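This briefing is intended to be read alongside the sequence and the coordinates.

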Amino acid sequence: MKVFVIYPNIEGYGRIPTGLAIISTILMDEGHDMELFDTTFMSTGNKDNDVRNKAGLCAPTDLSHLYTDGFGTEEIRELLKERIMRFRPDLICLSIVEDNYEFADELMSFIKTFYTSAPILCGGTTPTVAPHILMANPNIDYIIQGEGEGAIKDFCEAYGKGDPVDNIPNLWYTKGGQIKSNAIRPLLDMNTLPIQNFDIWDEKHYVKPYDGVNRRAGPFETSRGCMLRCSYCVNVVYQDIFKDAGKYKRFKTIDSTIAEIKALNDKHNFDLIFFADDNFLAMPRERLEEFADRWTSEVNLPYWINSTISSVNEERIKVMKETKCAGIGLGIETGSENLRKNILKKNTRNVDILERVNLIHDYGIRTTANVMIGFPGETVEDIFESIEFMKELGPDSFDLNFVAPYIGTPVHQVAKDMGWIDTWDKPGFKGMAKNITMRQNSVINLPTIDNQELVDIFYKFTDLVDEKSDMKIEDFTASRIDEVKETKRDGVISSLSNIYDGYKESKREASKKRRLAKKNADTLSPKAGP
Ligand code: B12
Ligand code: SF4
């Protein structure tokens, strides 16, 4: 089959997307004729890096040479049409995250005006968390929910032969005007994954500005899933969707991990490895020991990871140091313990964060503190607590973002219930926040902080931490702070509690069903004879 794969990236954020890299590798390995259309470097600039530079979040780097100047939406459409008309695909696939969905929709609706010989199939984060919403989009014919490896293989095989696709697990489709969904397939064993094929991706994806230097970085995953349940994160939703699909947190063996990195490094010559895992350090001791031994003797490249504070301990950090870990991104998010505990649903105390960040610094490893502003219930005072905490913590850099109320997350639900987000009503987008972004501005209209004030703090955050700005709490609309403290914050907290109770109930129901199914199977299975 001829499959045309689109990566509709408008953030200009380079780095090969692991999920789509694996999907396209599988398509090629299965013998399908595959073409990639990647918009990452087509638009006029790297929005993400521009904001970081402007906010002083990173050592200034100029990435403008990576982008084709003046190659905007019109030029993208022209090229897309030319490529599709030349290739004449049997299937068109897109990978979607919410920030790119509107842009992806523009491309899909354009495709439908000149090419209707191939259905459009979408996968990725947003199709996974909200397939029922996306299926109402007239431009989308099929959705693969969750892990796409097995489903895309089965779909292409059946569709290519003209067989029915009704029974393919993870697939959403329409039949007789009705939206239909199939069961979720068991979560896969990561050791069955193929080695990613990077050949179809632009080399520019390897450019990673790191600590002021442009490095050549390769992206890999060693595990999937995170067992924490932060209220703004996709993982809390995934845990619910996949509750019957097997073990959510899974690892690739060190053997498979090293084999893949070695094979791709021999070919592409990286000087930095990026691990896409949500929480790299959350691994058992024996695995850590094996990683340490084999990394140094077989790969020996600097690497960079993301981790939660709760997974940091001296034993692990020692290994990180010995194995050339260049930096750790830490999800600290706020300096307000009250906000972190009650609204972010992260149970880490500031004193523990301080202790562990100091430990990482003692070992000479670089830290990046990931911080967010604009949580439902957050006040200017909370943000100033974050600033004070960052002064105390002294990470090597920050990554500051606005809270984005992604569909499916508790934060989205609360912001919607409170009437603080403007949502779409059009088919395919119903209930989703308009113009969603985590980088450009705040999508949640907080009663506590004016959005423009929030943007002002965003761009002053680094200066405030470095004590180069004299902006003060009193400069903000203080009266609204009092209102929120007394009423709105309590509303957010109780609304979140209800949502989390719902997850607990759903988990209880699922295990009750599993127990019952097991009991029935035991009763039905013949006993071993004498
Ligand atoms: C690594 C990473 C990146 C990398 C790679 C991007 C990517 N698309 O993979 C970089 C650094 C480039 C990046 C950038 C951004 N990211 Co990011 N990123 C992640 C992270 C931490 C891991 C993703 C990953 O590799 N997972 C492992 C792979 C195997 O899983 P997967 O990507 O979901 O893919 C599987 C399925 O979804 C499916 N699938 C995926 N695509 C397709 C396509 C088809 C056709 C099919 C059939 C199936 C399919 O099959 C895959 C294999 O099973 C996730 C958090 C997470 N846990 O998902 C955030 C996450 C995806 N990122 C997010 C965001 C917001 C962004 C940015 C907008 C940030 C910014 N301002 O620039 C950009 C957008 C870039 C883009 N267009 O994707 C959000 C998306 C939120 C949402 N609900 O939509 C997430 C979920 C984090 C969060 N806040 O919760 N990101
Ligand atoms: S620790 Fe990070 S990856 Fe895990 S649920 Fe929280 S935000 Fe998501």
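**Ligand 1 and its shell**

In the shell around ligand 1, the residues comprise 15 nonpolar, 11 polar and 10 charged. The model is a predicted one, and its chain is assigned two domains, domain 1 (2-181) and domain 2 (221-504). Both domains contribute residues to the shell around ligand 1, so the ligand lies between them.

- A total of 36 residues surround ligand 1, and the closest are Pro17, Gly19, Ser95, Gly123 and Gly148.
- Two or more residues of this shell come from each of the elements α1 (18-29), β3, α4, β4, α5 (125-129) and α7 (149-161).
- The most is given by α1, which supplies five residues to the shell around ligand 1.

**Ligand 2 and its shell**

- The residues that surround ligand 2 are Cys226, Leu228, Arg229, Cys230, Cys233, Asn235, Asp278, Asn279, Thr308 and Gly331.
- By class, the shell around ligand 2 holds four nonpolar, four polar and two charged residues.

**Domain arrangement**

- The centres of domain 1 and domain 2, taken over C-alpha atoms, are 26 Å apart.
- Contacts between the domains involve 25 residues of domain 1 and 29 residues of domain 2.
- On the side of domain 1 that touches domain 2, the elements giving two or more residues are α2 (47-54), α4, α5 and α6 (131-134).
- The residues on that side of domain 1 divide into 11 nonpolar, seven polar and seven charged.

**The sheet**

- Seven strands make up an open sheet with mixed pairing, in the order β2-β1-β3-β4-β5-β6-β7.
- Strands β2 (33-38) and β7 (178-181) are the edge strands, each pairing on one side only.
- From one strand to the next, the twist averages 25°.
- Helix α4 (residues 98-114) packs on the sheet and touches β1 (2-7), β3 (91-95) and β4 (120-123). The direction of α4 makes about 170° with that of β3.
- Strands of a sheet pair through backbone hydrogen bonds, in either a parallel or an antiparallel manner.
- Strand β6 (residues 171-175) and β7 run antiparallel and are joined by four bridges.
- Within this part of the sheet, Trp172 stands opposite Ser181 in β7.

**Residues with positive phi**

- Most residues other than glycine have a negative phi.
- Asn170, which is not a glycine, has a positive phi of about 80°.
- Asn170 is placed in the loop between α7 and β6. Asn170 counts as buried because it has 25 C-beta neighbours inside 10 Å, where 20 or more are required.
- Lys345 is a residue other than glycine with a positive phi, near 60°.
- The loop between α12 (337-342) and α13 (350-362) contains Lys345. Lys345 has 20 C-beta neighbours inside 10 Å and therefore counts as buried.

**Met85**

- Met85 belongs to helix α3 (residues 73-87).
- Met85 has 10 C-beta neighbours inside 10 Å and so counts as exposed, the limit for that class being 12 or fewer.
- Met85 and Asn9 are 76 residues apart along the chain, and 21 Å separate their C-alpha atoms.

Note on methods
Residues are numbered from 1 along each chain as its sequence is written. Chains are lettered from A and ligands numbered from 1 in the order in which they are written. This is a predicted model: local features need pLDDT of at least 70, side-chain atom pairs count only at pLDDT 80 or more; totals for chains, interfaces and linings use all residues. Two strands pair if DSSP finds at least two bridges between them. Axes are lines fitted to C-alpha atoms, for helices over the stretch in contact, and angles run from 0 to 180 degrees between N-to-C directions. Two residues are in contact if their C-beta atoms, placed from the backbone, lie within 7 Å. A residue is near a molecule or strand if its C-beta atom, placed from the backbone, lies within 6 Å of it. Ala, Val, Leu, Ile, Met, Phe, Trp, Tyr, Cys and Pro count as nonpolar, Asp, Glu, Lys and Arg as charged, and the others, Gly among them, as polar. Domain bounds come from an automatic or database domain assignment.
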